[in-house]
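Have the model open as you read.

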Amino acid sequence: MRVSLLDRSRTRHGDVDGQALHDSVARAVQAEEAGYHRFWVAEHHAVPGIASGSPAVLLAAIGQVTERIRLGSGGVMLPQHQPLVVAEQFRMLASLTPDRIDLGVGNSLGFTPAVRRALRRERTSPTMFEREIRELVGFLRDEEEVTARPATPRIPVHVLATRSGVDIAARLGLPVVVGGPLVLDDALNDTLARYRDIFSPHAADARPHVILSVDAFAAENERRARELALPEAWAMAMSRRTGEFPPLESPERILAQTWSDRVRERVDQHLEKVITGTHGTVAARLHQLIDDSGADEIMASTSTFDRGALGDLDAALVSAVTEA
C-alpha cells in the first residue's frame, strides 16, 4: 500500500505568506525521507490561508531538493488554464525532474465571484471538464494539431473527482483521486465499483487506480488528536461565516475566542469528517477504509498549526498504513 502527501501550503497567523512555501519545500524533503510515494501541491488563487497559486513553480523548487519521491499537482484546476499551457508546464517539469512528475487535474473555480471574474472563468460543467482533460491528454500524447514542447516521456494524468469526475476518469481510462465528504460517504464503495466497472483503458497497461485523500490525525490520545485537527476545522468554520478562508491559528488562540453556537456546530461537523485518535485507532480506521474500498493508495491532506507536530503526523501516517 502506497502512502502519499498533498500539501496545500497553508499560511499561519503571525507569519508572512512566503514562509508557507518554504514550509512546503521542507515538508517534501521530510516526506521523501519518511518513505512517501508522492508529494503533491495545490492550486488556490487569492486565498489568504493558502500561499500556492502555481503548482508548477512550486514543484520546480521542490524538484531541486528531492531525489526519488514523485511530485505532482493536487491539482491544476483546468477551468483556469489553457490545456496547451498546462501540458508545456508539466513537460518542462518532467524534463527538469525526469520520471517523477504527475499531473493531477481538478474542476474547481475560484473561491469567490471576484476571484472567478479575475480568472476570466465564471462557470464550468462536467462536460466542459471532460473535454478539457481530453485535449490536455492529447497534447501530452502528441495527438493534437500542435505539439507541446519539450518532448518528454508520457506524464501520468490523475483526475481529482467528485461523483461525476469519477465517471469521467473511468471513461478516459485515468487514475482517480477521491477526497472530501465522499471518502466517508456510505456511497463510496458503490461509486468506486462503478469506476472499475466502466473503466475504459486508453493503453494496454492502463488499469483502474484509486487514491483516497484523507485527513488523519494520530496522537497519544483522542483529545490531543482533535486539538491538532482544530486549526483546520476552525478555518473552515470561519470561511463559511466570512467568505474568506483564513490562515491557520494556534489551538490556544482559537480556544481563547468567543464561539457562537453556529461556529461550534460547524467546527464539530468538520471534526466528524476527519480521522482522529491514537496511533492504533487511526491505523485500524485507515486499514478498514482501505479494505472496504479496495483503494490502491492513501494520500494524506493533513494540515495543522504546529509545524513540529505536522512532521510527527506525517511519520505516523506512513507507519499506520504500511505496518500490519
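This is a predicted model: local features need pLDDT of at least 70, side-chain atom pairs count only at pLDDT 80 or more; totals for chains, interfaces and linings use all residues.

Residues are numbered from 1 along each chain as its sequence is written, and side-chain values use heavy atoms, with hydrogens and water left out.

**Salt bridges**

Side chains of opposite charge can pair when their charged atoms come close. Here a salt bridge means a side-chain nitrogen of Lys or Arg within 4 Å of a carboxyl oxygen of Asp or Glu. Searching the whole structure turns up 20 salt bridges. Three of them are set out here.

| Pair | Closest N to O distance |
|---|---|
| Arg307 and Asp23 | 2.7 Å |
| Glu227 and Arg223 | 3.6 Å |

Helices (H or I, at least four residues) and strands (E, at least two) are DSSP runs, numbered from the N terminus. Take Arg307 and Asp23: the salt bridge between them ties helix α12 (residues 307-322) to helix α1 (residues 18-34), linking distant parts of the chain that lie 284 residues apart. For burial, the cut-offs are under 20% relative accessible area for buried, over 50% for exposed, and partly exposed in between (1.4 Å probe, protein chains only). Arg307 is partly exposed at 37%, and Asp23 is buried at 17%.

Arg38 and Glu297 also join distant parts of the chain, pairing strand β2 (residues 38-41) with strand β11 (residues 297-300) across 259 residues. Both ends are tucked away: Arg38 is buried at 5% and Glu297 is buried at 0%.

Glu227 and Arg223 sit four residues apart in helix α8 (residues 222-242), so about one helical turn separates them. Arg223 is exposed, at 55% relative accessibility.

**Nonpolar cores**

A nonpolar core is a set of buried Ala, Val, Leu, Ile, Met, Phe, Trp, Tyr and Cys residues joined through side-chain atoms within 4.5 Å. Which residues touch the most other members of the largest one? They are Phe39, Phe90, Leu103, Ile133, Val178 and Leu212, out of 68 residues. Helix α5 (residues 126-140) gives the most to this core, with six residues.

Leu212 has contacts (heavy atoms within 4.5 Å) that, leaving aside residues up to four places away in sequence, include Val178, Leu289, Glu297 and Met299. A second, separate core has 19 residues, among them Ala219, Leu230, Ala309 and Leu313.
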